[in-house]
Every structure is written in structure tokens, then in C-alpha cells.
Amino acid sequence: MSEVPEVRPPTVTPVRVVIALCLIAPFVAMLWVGSYAKTGPEFIGIPFFYWYQMAWVLISTVLTMAAYRLWQYDQRGRASQKDGASK
Amino acid sequence: MNDGVNGVALGVFIFFFVAVTAMGFLAARWRRADNEHSLDEWGLGGRSFGTWITWFLLGGDLYTAYTFVAVPAAIYAAGAAGFFAVPYTILVYPLIFTFLPRLWSVSHRHGYVTTSDFVRGRFGSKSLSLAVAITGILATMPYIALQLVGIQAVLDVMGVGGGENTNWFVKDLPLLIAFAVLAAYTYSSGLRAPALIAFVKDALIYIVIAVAIIYIPIKLGGFDDIFAKAGHAFAQTNPATGKPRGALVTPEAGQWTYATLALGSALALFMYPHSITATLSSRSREVIRRNTTILPLYSLMLGLLALLGFMAIAAGVKVTNGQLAIPQLFENMFPDWFAGVAFAAIGIGALVPAAIMSIAAANLFTRNIYRDFIKPDATPKQEAQVSKIVSLVVKVGALVFVLTMDKTVAINFQLLGGIWILQTFPALVGGLFTRWFHRWALLAGWAVGMVYGTAAAYGVASPTQKHFGGSAKEIPGLGEIGYIGLTAFVMNVVVTVVLTFVLKALKAPEGVDETTTADYTADAGDKGVQVDLPPATAESH
């Protein structure tokens, strides 16, 4: 592997940056408690504080799924590149 | 509370209990392999579980009966502060997405059964591995005990717990039976038993939550009324503290506590031996990544469950022991037969994690104490046998704990366990990504975290307890109130980093690393999983 450095893709790629953002976003949203520590607007009578955090369960699921798909895409790309290089 | 036995509910409860007991024993034959007498088979189910079994197993394992009782109980007691469990479980999945597949790969390549196995292999240090193993066992024991507390809460509400004046033996007999059965099928079937029972447990839990979240609000006049009543109740002054009982929304002063508890707990969850056992039993690396995308379904359920705490207030449930709030709510609101289903869900919800936890603790003992320090040439069959026996000892220990000591002792220790287990994070997760940390520095950091965490938790007083009154304390130097575990963790990391620089400067022996970079990305079916690659040619990413 080390003898063909010119075909090795860089460690940091735009796809990987997006993956990192998908994984970091929930931390920013959830740890910034001040952004959601309020009662309104309510949703079917449930204060904002509660439904917002439960909505983030869904949002973070979508983000993790996106990260998973992008990671697979990234790995497939690398695998085919590696095959091409060794031939 | 003990106004007679609820016959119908008890009948339904017993029906489900007998059904899962039969499943537990039959599980030994499920997916049986040829070499059944090894730790891989008994303790990890042959490392053969696919996406769905792993999902049920992890869900059954992480969302325990105690969680079902304690999270709504915390909401019932103080409101918003108890809801940190939701952001906590949200943060767990992006976190494990990054490191769990690496742990799976390296464990698969080298046949690691526990986290301590990995730490020993990576850092070539038996003392560091022993520290991780002991921390794991210490943190797991009270957790098992709390599962029993969960069963007791259900039995109490059904009226079979007996009053204060009943003979102790009669009072505890149902719990003893439940435990003997659990111990017997864990012994015979290993991890396959909880894996199979987890299906029943989760199905019951989902049904109960779905019904509860629709049926109870309708009976109570909608969420508007529920939150209005809860807000009113929280605003009243608690005579013990002279402050309001709680709040509907975390006040500014509590936000640090809320965030640090969520973050610290999220970091700690997959340090627990039972989470790792369930993870390593999966068939491939992809199973784990895929699971991080479907496990959040449980977080949603947990959030809904937490709302039951408000419903208990609105329904006028009055209990002195907050743990009984939710079982009592079910008893008051549901028809008897469905209350029985709900109780069965909690009861079985205790059995699955108790089984996995005892297996995980037993694996730690066998691999990292028995094999490393007592009998280095143990055969796989001997390892499995020792593990089986230790799993019994661990459970009996937990039982004695619950029956002889006050419940608050188990809760205190579980609180401590969370702080302790977090201190193994630098060695484990740090080790998965880099070999830069020095083994002795990691050991010193761990010790500092353990000592500070224990001392700080000891010093927290509450209106009812002089020590271990809570898990939050002023963060030194910041002046905010934060989770002790996270503060200890930061100290741990700082000590580890500083000492690593010092030890590297002194050229202290680094120990042998038996893993290679490629080990961390290997997957089932890869050619490399069987064959050793030449070391250190692949660069890390």
C-alpha cells in the first residue's frame, strides 16, 4: 500500500466532513440546553422542552443513517480504487 | 398499597413468566454449534447474531426494568431534571457509531471476549487490564441488584410482596423463585437465553407503552391537563428542602447538570460489560453500524415512558417510594388483565439484563482474573465452566445484597458504578484509536478518576441522605454544578496525557502491542480476519 501513495485518497474528504457533521450535530443540539429550556410552543399540550428533545431522537436517527450510507459509499469508493491500483 | 392480591394481574404475570422460563431452557438448542463448551458459545452466543437479534438483545440489555421504573420515577419526583435520559440515549448512538465497529473488528481478529482482553492485548499490561476488569465487575453487581428492585416493585404493587409484618421468607419467596429460575437457565443456555427472551420482553414493552401513551391521556383529559396538573404540583414547596418540588423545564441553574449528566452517561453506557457482551455477540461489523441506526427506536420509547411520570402526578398517584409510581399508575388506570401484561413486561424486562450482566461479569472474571492470574493454561471448556459458576455466584451476591441491605445502598452503588465505569473510557476508546497513551499513565488516570469520583459522590448530601445524595456536584474551577462522573473523567484524561508525556520522556517501557492497524477495520468474510497481515503497513485513518 505504501508504495503507491499517489493513488491513495486523502484522509479528509468532503464526504467524511459531512459524516462528521452528521455525528456531531446531535451533541451540539442536546448539550446546548438553554436553546430548548422553555415551555412554548406546545405540541398537543406537550411543552416544547419535551417534544423538541423527542423530535431530536428522530433527527439524530436520520443523521446517523445518513452517516452510515455515506460511510458505505466512502468505503466502496476506496475499495474499488485500491483494486484498480493493484491491477 | 398492599390491599390484597390482584388475582387477574397475577395470573397474567405468572403466565408470561412461565412462558419465558420455558423459552430460556429451550434456548440452549437454538442455533447450537458443534463446540458448545467454550466461552465463545456460552458467553457470546457463538458470535453469530444478525442485525435483528442484536437489536433485540441490545435493547433488552440497555433498557432495563430499573430504567422503566426509575426514569418515570425521577420525572414524578422532580420533573424536567429526570428527562436527561432522553438526550443521553440520543448521544449514545452517534458516539458508538465511531468506535464500536473498531472494537468488534479487533476482538474478532484476536478472539477477545471482554474489554479487558482488548486492553491487555493493546497495551501489554495485565495490571491495566485487571483495573478495567475489576471496575466492570464492581459497576455491574449493583446494576444486577437493581433489576431485582424492579421486580420487587412490581410484586409489591400486585400485593404479593407481603406487608412489613409478614415473615421475611414468605415475603421474599416470589423473588427467590424468579431468581432461581433465571440462574438455572442462564447456567444452561448462556447468552442464547436472554437473546431469545428479549423478543418477548421488547414486544410486551412496546405494546404496553403504545397503549399507555394513548389510553391514559384520554382517561386523564389530554396532555394539556396532565402538564397543567404536573406544573401545579411541581410549584408547591417541598417541606424538606424549602424549595419547589421540581420544574416543568430545566431552570438555568440546572442546565449544566442536565447537559453533563446526559454526556457523561452517554460516554459511560458502552463501557459497561453487558453492553459489550451484546455487541461482540453480533455476526459482523455491519450489524453493529446498522444497529446504531435502528436502536434509537428505544430512545423514543424511553421518552414516551418518561412522560408517564407526569401522568402519575396528574392521575393523583401518591406513593412515598417513587419507584412504585409507575406500577401503581398501571394498577390504577388499566383493567386488571392489562395491568398484568404491563407488570410482566417490567418483570421480564428485569430478567434479560440480569442474565446478560451476570454473563458479562462472569466473562470478565474468567478471562481477566482466572486465566490471567490463576490458571494461565485454562482450556476453553474450563473457561466456560468457570464462567457458568461465576455467573451463579454473581447473581446470588446480588440477591443477598437486595435482601439484606436497604434498597438505597444498591441505588448508591449503581450511581457510583456509573462514575467508575466511565473511568475505563480512556484506556478502551483511546486504545481503539491510538497507541499514544502510556499504559502506566492510563492506570494512574484511572486511579485519580476513581478516587475523586468516589470521594465527591460520598460528599453529596440530600434531604434524606447524608452521603451519596446525588450524582452532581460543583465542578472545581468552573463554579457550575455538573455530573461527578464527567468531572472525574476530565481529570482522568488530563492526568493520563500529562503522565504520558513524562513517561515517554523517561523512556518507560511501553509494553507489547499485539494488534495491528488493519485489525481495527477487519470485517467478517475479509481474507485478513483469518490470516495475519504484515504489521504496520496500512496507515490509519
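Reader: In which helix does Arg78(A) lie?

Author: In this predicted model, Arg78(A) belongs to helix α2 of chain A.

Reader: What makes Arg78(A) count as buried, partly exposed or exposed?

Author: Arg78(A) has 14 C-beta neighbours inside 10 Å; a residue is called buried at 20 or more and exposed at 12 or fewer, and because 14 falls in between, Arg78(A) counts as partly exposed.

Reader: How far is Arg78(A) from Tyr50(A), by their C-alpha atoms?

Author: The C-alpha atoms of these two residues are separated by 42 Å, and along the chain Arg78(A) and Tyr50(A) are 28 residues apart.

Reader: How many helices and strands does chain A have?

Author: Chain A has two helices and zero strands, and of its 87 residues, 21% count as buried.

Reader: How do you know that the length of α1(A) agrees with what a helix should span?

Author: The 18 residues of α1(A), at 1.5 Å a residue, should span 26 Å, and because the C-alpha atoms at its ends are 26 Å apart, the two values agree.

Reader: Where in α1(A) does a kink lie?

Author: A kink of about 30° is found at Ile24(A), shortly before the proline Pro26(A).

Reader: How many residues of chain A and of chain B take part in the contact?

Author: Chain A contributes 29 residues to the contact and chain B contributes 33 residues. On the side of chain A that touches chain B, both α1 (14-31) and α2 (48-86) supply at least two residues each, and α2(A) gives the most, with 12 residues.

Reader: Which classes of residue make up the side of chain A that touches chain B?

Author: That side of chain A divides into 19 nonpolar, nine polar and one charged.

Reader: Turning to chain B, what makes Pro327(B) count as buried?

Author: Pro327(B), which lies in helix α15 of chain B, has 27 C-beta neighbours inside 10 Å; the cut-off for a buried residue is 20 or more, and therefore Pro327(B) counts as buried.

Reader: Which residues is Pro327(B) in contact with, leaving aside its neighbours within four places in sequence?

Author: Pro327(B) is in contact with Ala153(B), Val154(B), Val157(B), Phe343(B) and Ile346(B).

Reader: How do α7(B) and α15(B) cross, left-handed or right-handed?

Author: Their crossing is right-handed, and the axes of α7 (residues 126-158) and α15(B) come within 9 Å and cross at roughly 35°. The contact brings Ala153(B), Val154(B) and Val157(B) of α7(B) to Pro327(B), Gln328(B) and Glu331(B) of α15(B), and by class these residues are four nonpolar, one polar and one charged.

Reader: What is the handedness of the crossing in which α14(B) passes α15(B)?

Author: α14(B) passes α15(B) in a left-handed crossing, where the axes of α14 (residues 296-314) and α15 (residues 325-333) of chain B come within 9 Å and cross at roughly 65°. Here Leu308(B), Gly309(B), Met311(B) and Ala312(B) in α14(B) meet Ala325(B), Ile326(B) and Leu329(B) in α15(B), and this contact of α14(B) with α15(B) has six nonpolar, one polar and no charged residues.

Notes
Residues numbered from 1 in each chain as written. Chains lettered and ligands numbered in written order. Predicted model: local features only at pLDDT ≥ 70, side-chain atom pairs only at ≥ 80, totals over all residues. Axes fitted to C-alpha atoms, helices over the stretch in contact; angles between N-to-C directions. Helix = DSSP H or I, 4+ residues; strand = E, 2+ residues; numbered from the N terminus. Left-handed = near helix turned anticlockwise from the far one by under 90°. Contact = placed C-beta atoms within 7 Å. Nonpolar A, V, L, I, M, F, W, Y, C, P; charged D, E, K, R; others polar. Expected span 1.5 Å × (residues − 1). Bend = angle between axes of the 7 residues up to and from the residue.
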